[in-house]
Amino acid sequence: QVQLVESGGGFVQPGGSLRLSCAASGSIFSSYAMGWYRQAPGKQRELVARILSGGSTNYADSVKGRFTISRDNAKNTVALQMNSLKPEDTAVYYCNARLINLFSITDVAWGQGTQVTVSS
């Protein structure tokens with residue numbers, strides 16, 4: 001069973017940067033599509049960025065050009081570099097592992113979440 005542990009959240013002023021990291025247990029990390037989601041108070045959880053097992057990435061329009069997702073399969077980690085942060089980026093950020101094949105999409109695991117607060 002995969003377990004995900006996030007780190008790197010915190011408080012930052014607008015325009016600042018934070019780097020989130022997610023460490024995964026398990027031996028087939030490289031097979032998973034890894035994603036970062038966020039949920040602000042009173043809002044639904046939304047996809048921020050995803051990186052597939054082959055390295056392809058996709059981003060929410062609201063973070064394109066500011067956030068970068070990357071993975072290190074040797075270390076079983078996925079990171080989210082967040083630059084030019086805005087107050088509307090304030091949310092709890094969750095790491096997600098997803099198994100995608102021709103017939104199904106399965107969310108294998110979620111992290112516990114890490115708070116990101118952007119405020120002056």
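Helices and strands here are DSSP runs, a strand being a run of E with at least two residues, and they are numbered from the N terminus. The model is predicted. Begin with strand β8, which covers residues 77-82 and holds leucine 80.

Where does β8 sit in its sheet? Four strands make up an open sheet, and their order is β1-β3-β8-β7. The pairing is antiparallel. At the edges stand β1 (4-7) and β7. Each has a single partner strand, so one side of each is left without a neighbour in the sheet. From one strand to the next, the twist averages 15 degrees.

Now take the pair β7 and β8. Six bridges join these two strands in the antiparallel sense. The C-alpha atoms of leucine 80 and serine 70 are 6.6 Å apart, although 10 residues separate the two along the chain.

Is leucine 80 buried or exposed? Its relative accessible area is 0%. Buried means under 20%, so leucine 80 is buried. Leaving aside residues up to four places away in sequence, leucine 80 touches a set of residues that includes Leu18, Leu20, Trp36, Val48, Phe67, Ile69 and Tyr93. Arg19 and Thr68 are also among its contacts.

In soluble globular proteins, nonpolar side chains tend to be buried together. Here the largest nonpolar core has 30 residues. Leucine 80 is among those with the most contacts inside it, as are Val78 and Met82. Leu4, Met34, Trp36 and Tyr93 complete that group. Which strands supply this core with at least two residues each? They are β3 (18-24), β4 (33-39), β5 (46-51), β7, β8, β9 and β11 (114-118).

Next come the loops on either side of β8. Most residues other than glycine have a negative phi. Two residues here are worth checking against that.

Asparagine 76 is in the loop between β7 (67-72) and β8. Its phi is positive, near 55 degrees, and the residue is not a glycine. With a relative accessibility of 16%, asparagine 76 counts as buried.

Serine 84 belongs to the loop between β8 and β9 (91-100). Its phi is also positive, at about 50 degrees, and serine 84 is not a glycine. Is serine 84 buried, exposed or partly exposed? A relative accessible area of 40% makes serine 84 partly exposed.

Definitions and conventions
Residues numbered from 1 in each chain as written. Predicted model: local features only at pLDDT ≥ 70, side-chain atom pairs only at ≥ 80, totals over all residues. Heavy atoms only, no water. Buried < 20%, exposed > 50% of the residue type's maximum accessible area, 1.4 Å probe, protein only. Contact = heavy atoms within 4.5 Å. Pairing = 2+ DSSP bridges. Axes fitted to C-alpha atoms, helices over the stretch in contact; angles between N-to-C directions. Core = buried A, V, L, I, M, F, W, Y, C linked by side-chain atoms within 4.5 Å.
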